[in-house]
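Thanks for making the time this morning.

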Amino acid sequence: MSTNTKRSYTVFNKEYYVTNILSNTDLIITGGLEDGFNEEDTFTIIDPNPEKIIHPITGELLDTIERYKDKLVVKSIKNNYTILTTRTKINGNKLSSIELS
């Protein structure tokens with residue numbers, strides 16, 4: 001399944017974008033060998049909506065924490081794009097839970 005997205009990820013102080021979701025386990029991002037990516041790189045998908053920690057009595061917002069969705073590794077790397085895959089065993093459509101806008 002192909003999708004256009006404006007969702008960006010910052011790596012090495014530069015923004016990269018998801019260009020395609022290929023399957024339940026694989027996706028393509030902009031950036032590759034020309035950007036310094038290599039076969040050993042890992043990428044963490046973080047939920048864009050952090051979890052709010054709210055005091056149960058006062059309702060005060062105590063803090064927010066990031067929620068990690070998955071860790072992806074390089075499957076194939078080209079000059080200007082990279083195919084990533086999950087190392088997580090899939091029970092359902094894992095990457096479809098990534099919110100793209």
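The accessible surface of the protein comes to about 6,700 Å², and 48% of that belongs to carbon and sulfur atoms, with areas taken from the Shrake-Rupley method with a 1.4 Å probe, where for residues only the protein chains shown count as cover. This is a predicted model, in which local features need pLDDT of at least 70 and side-chain atom pairs count only at pLDDT 80 or more, while totals for chains, interfaces and linings use all residues. Residues are numbered from 1 along each chain as its sequence is written, and side-chain values use heavy atoms, with hydrogens and water left out.

Of the 101 residues, 31% are buried, meaning under 20% relative accessible area, with exposed being over 50% and partly exposed in between (1.4 Å probe, protein chains only). The protein has eight strands and zero helices, both being DSSP runs numbered from the N terminus (strands are E, at least two residues; helices are H or I, at least four).

Let me turn to strand S4, residues 42-46, where Phe-43 and Ile-45 form the covered face while Thr-42, Thr-44 and Ile-46 form the uncovered one. S4 pairs with strand S7, residues 68-77, in the antiparallel sense over five bridges, pairing being called when DSSP finds at least two bridges between two strands. Within S7, Lys-71 is the bridge partner of Thr-44.

Finally, the loop between strand S3 (26-30) and S4 holds Asp-35, which is partly exposed, at a relative accessible area of 21%. Asp-35 lies 21 residues from Lys-14 in sequence, and their C-alpha atoms are 9.0 Å apart in space.
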